[in-house]
Amino acid sequence: KTLISDNGYVLNAVVDICIGADGINLPDTCRGNDNPDAANFGMQITNGGMDATVFQWDSSVATNYVEVSKPNQHYDEYVWHDASTADHYSDLVIDEAGAVWNI
């Protein structure tokens, strides 16, 4: 992380995570139209992990996405994973120029 930052690079982590769930009654996957969290496809994490900007798909706007602010809540409280990828990869982009992108 330090080497990336010191050289002016931007790290984007593409991981198998679900962004937005509340940690209660989690479904088996965030994929599929039946889960509202499936629209959250990425996030930038700041303030030591306490704030985030979530990128959410929205076909009603020209850019096809909106930015949703999640202040004062550590990302571990609403980010989870589908058994194959631990959400600790998100730590790599905290307070960096990059973001986490959900596959």
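S90 touches I17, I45, Y75 and V100, not counting residues up to four places away in sequence; contact here means heavy atoms within 4.5 Å. S90 lies in the loop between β6 (79–81) and β7 (100–102), strands being DSSP runs (E) of at least two residues, numbered from the N terminus. S90 is buried, with a relative accessible area of 0%, where buried means under 20% relative accessible area (1.4 Å probe, protein chains only).

This is a predicted model, in which local features need pLDDT of at least 70 and side-chain atom pairs count only at pLDDT 80 or more, while totals for chains, interfaces and linings use all residues. Residues are numbered from 1 along each chain as its sequence is written, and side-chain values use heavy atoms, without hydrogens and water.

The largest nonpolar core has 14 residues, of which I17, M43, I45, Y75, Y78, V79 and V100 touch the most other members. Such a core is a set of buried Ala, Val, Leu, Ile, Met, Phe, Trp, Tyr and Cys residues joined through side-chain atoms within 4.5 Å. Two or more residues come from each of β1 (13–15), β2 (17–19), β3 (40–46) and β4 (51–57). Beyond its neighbours within four places in sequence, M43 contacts residues including I19, F55, Y75 and V100.

Strands pair if DSSP finds at least two bridges between them. Two pairings are listed below.

| Strands | Bridges | Direction |
|---|---|---|
| β3 and β4 | Six bridges | antiparallel |
| β4 and β5 (residues 65–70) | Six bridges | antiparallel |

M43 stands opposite V54 in β4, and V54 stands opposite V68 in β5. The hairpin of β3 and β4 has four residues between the strands, and N47 there takes a positive phi near 55°.

Conventions: Buried < 20%, exposed > 50% of the residue type's maximum accessible area, 1.4 Å probe, protein only.
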